[in-house]
Amino acid sequence: MTFPVPYRDINVHVAADSYTFTSPSSPNAPALIVDRPTGDVRLRETTLNPTKRVSRVSSIAGILGLLRLRLDKYVIVITKTEPMGRLKGHMVYKVISTDFLPMRERQIRDPDEDQFLSLIKTYIMKGPMYFSYSIDLTNAFQRQAAMAPDTSSPLWMRADDRFFWNRFVQTDLINFRKMGNRSQPGPQPGVDPYILPVIWGTLEIRPTTFKNTPLTIVLITRKSRHRAGTRYFTRGLDEEGHAANYNETEQIVVMNDTGRGLGGYAGSTDMQSGKFRSAEGSETQVLSYVQTRGSVPVYWAEINALKYTPKLQIRGIETALPAAKKHFDEQIRIYGDNYLVNLVNQKGREKRIKEAYEQMVQMLVSSPSEKVKSDALTDEKFHIIEPSSSKQEFDRLHYVYFDFHHETKGMQMHRAMLLVEQLQEALIKQSYFRGVDMPANGGLETRNYQTSVVRTNCMDSLDRTNVVQSMLARWTLDRMFVDLGLLQRGESFSTADPAFEFLFRNIWADNADTVSKSYAGTGAMKTDITRLGKRTRAGASRDGNIAVTRYYLNNFRDGPRQDAFDLFLGAYEPAAANIGSSLVFADRRPILIQSIPYILAFSIFCVLVGFFTKRLPGSTVWTIRLFILFWLVVAGWCFSFIINNGMLYVNWPKLNPRPWATEGYQDAITKVRKDKLLGPFVARHERGLSTARYLNAEEGKKRIE
């Protein structure tokens with residue numbers, strides 16, 4: 001049995017008591033009904049004429065999901081998309097705009113409800129989300145080939161749960177599909193075409209030529225929905241073994257792809273197929289190479305308190321061992337052997353992270369064998385940990401340390417290729433996926449497998465990681481072209497086709513920017529290396545600007561962004577949270593603490609007024625000097641207070657308070673109470689630090705730790 005793909009054309013009929021979703025191209029398919037105001041889901045045969053009055057009918061591209069907030073439930077619909085190109089004949093789209101359909105006909109105004117909606121619309125709905133009606137974007141081609149030609153399951157059932165970005169908001173539809181409801185018990189396959197999987201990340205499809213040979217190069221980065229968040233508020237592992245900033249990146253080359261254009265729906269008469277049929281008998285080849293990145297797999301955090309360098313906190317390695325086992329058990333099961341490339345610094349504050357990672361690997365593998373390579377420049381150019389035997393599952397972990405910053409300092413970026421040379425034997429053994437599309441067999445016929453994966457990280461798993469991943473992708477792409485007969489052995493595409501080299505550099509640099517914006521809020525650093533192949537002074541200057549911007553965003557803007565991730569992905573459920581009315585987003589600091597930044601701004605204003613106001617003839621100078629001096633002292637004191645009590649001024653996540661942030665806040669408040677000047681004015685019991693506040697903090701601990 002072949003299941004229908006998601007509907008690409010859906011009409012939503014808005015009535016006072018329901019939203020009705022139908023597909024004009026599938027007139028005999030059942031309609032999806034979402035009752036108002038309950039939000040209950042059911043199916044209805046389209047042959048049954050509704051008696052209700054419809055106030056509006058509009059066309060949408062798909063249903064992103066249903067989300068219950070504190071007072072109401074909303075259907076999130078995709079209203080506008082942008083075609084990105086065809087992947088093996090299947091059209092792929094980017095989500096451009098969405099709309100929220102409330103269950104209540106007359107909405108109740110609530111500050112927290114408005115803030116919940118604002119967070120999701122600002123930080124999630126504007127994010128890089130992609131989908132296809134006819135091809136699985138959540139799974140790499142090797143995993144798809146392993147499932148093919150399985151068309152007995154709908155698209156959403158075949159999706160990789162890690163990268164099914166809207167999985168939480170699809171819960172209502174999926175639960176109804178599996179179990180039905182009181183009036184329609186049992187499985188409900190009729191709802192399958194309404195469930196549309198979406199990924200978050202990068203998707204670049206570039207039809208091009210290499211040495212006059214037409215091909216399509218594709219780059220897909222899939223961000224995991226587990227432990228998603230922002231740079232300083234989401235680090236390391238959670239108890240389920242999910243790593244922060246975990247992304248899978250797949251570089252794809254499609255040969256003989258006749259369905260590369262943007263035009264047309266399909267060779268078939270069924271609009272729903274979404275497949276552009278290629279010429280009969282032609283073989284489309286797909287070559288794919290997968291890498292992963294993720295935070296260092298231990299329990300650790302960086303506590304930002306307005307200092308440029310946050311305080312590093314690492315919990316016991318033994319405590320994180322069960323979580324690390326869960327993490328690598330999944331990685332080995334999916335990818336095979338894991339080559340763990342660690343790029344953090346071997347000196348300074350990052351040294352503790354390096355040592356923690358190495359201790360974790362030593363605890364995981366049996367009889368670890370260590371090897372340290374050095375030269376005249378450094379005592380530890382490479383640090384390699386390999387298992388001495390293959391007695392158990394975790395002996396498939398291979399740790400390789402490379403001090404990226406030390407080796408490439410002074411703009412010596414070519415020295416990063418030393419890591420590729422170190423990994424060369426593993427890369428040759430690893431290979432890549434190669435499949436041939438056999439239309440008669442209904443799927444890809446595998447000719448070659450990728451047998452392992454390189455998992456790369458630095459502190460943020462962003463900038464250094466981007467450079468190394470692009471180098472590994474370049475090495476593998478050279479190998480693909482040699483195997484295809486497009487290059488001679490020892491030749492590189494960078495010299496064989498400069499136009500293709502330019503394209504390659506830019507799609508990888510764009511990927512670096514997208515991943516970085518999702519996690520750190522800015523584009524990536526060191527993209528001049530990826531775009532130009534060398535370190536430039538303009539690139540270094542741009543990196544300085546990014547560093548300052550990240551400092552501002554990570555301290556003052558990332559709290560709401562983290563809240564948005566937690567809301568959309570289900571880490572925080574407003575309807576289930578036991579919090580009093582209008583308490584979630586209230587500023588609970590004492591009024592005096594809140595006022596100090598405003599006093600600082602007013603002091604600076606007064607100083608500027610004193611400097612630039614013209615004095616009247618004959619007026620004395622000392623009065624204006626005293627005025628300026630007084631406000632300079634006030635400004636200096638305010639600035640010093642803010643910097644020394646930075647924990648009170650960071651914009652923390654409010655939905656899932658970080659345990660270490662709650663503890664740091666209490667320490668800072670206690671410190672202020674002891675201050676000789678401010679202590680007497682700070683209340684012993686601050687507004688909002690109530691039972692509800694601590695209950696919310698405890699809920700946050702359960703979700704974060």
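Reader: Which residues of H13 are buried?
Author: In this predicted model, the buried residues of H13 are Gly 539, Asp 543, Ile 546, Ala 547, Arg 550, Leu 553, Asn 554 and Asn 555.

Reader: What covers the buried residues of H13?
Author: The cover includes helices H9 (463-483), H11 (498-519), H12 (527-532) and H14 (558-569).

Reader: And how many residues has H13, and what span does it reach?
Author: H13 runs over residues 537-556, so 20 residues, and reaches 29 Å from first C-alpha to last, close to the expected 28 Å.

Reader: Changing topic. How many salt bridges?
Author: The count comes to 33.

Reader: Which residue pairs with Asp 460 in a salt bridge?
Author: Arg 235 does, with the closest N and O atoms 2.7 Å apart. The two sit in distant parts of the chain, 225 residues apart: Asp 460 lies in the loop between strand S22 (452-457) and H9, Arg 235 in the loop between S11 and S12.

Reader: Are those two buried or exposed?
Author: Asp 460 is buried because its relative accessibility is 10%, under the 20% cut-off. Arg 235 is also buried, at 3%.

Reader: What about Asp 161, what is its partner?
Author: Asp 161 forms a salt bridge with Arg 225, closest N and O atoms 2.9 Å apart. This pair also links distant parts of the chain, 64 residues apart. Asp 161 is partly exposed at 34%, while Arg 225 is buried at 16%.

Reader: Which residues are linked in a network of salt bridges?
Author: Arg 143, Asp 160, Arg 162, Arg 222, Glu 248 and Glu 250.

Terms used:
Residues are numbered from 1 along each chain as its sequence is written. This is a predicted model: local features need pLDDT of at least 70, side-chain atom pairs count only at pLDDT 80 or more; totals for chains, interfaces and linings use all residues. Side-chain values use heavy atoms; hydrogens and water are left out. Helices (H or I, at least four residues) and strands (E, at least two) are DSSP runs, numbered from the N terminus. The expected span of a helix is 1.5 Å times one less than its number of residues. Buried means under 20% relative accessible area, exposed over 50%, partly exposed in between (1.4 Å probe, protein chains only). Contact means heavy atoms within 4.5 Å. A salt bridge is a side-chain nitrogen of Lys or Arg within 4 Å of a carboxyl oxygen of Asp or Glu.
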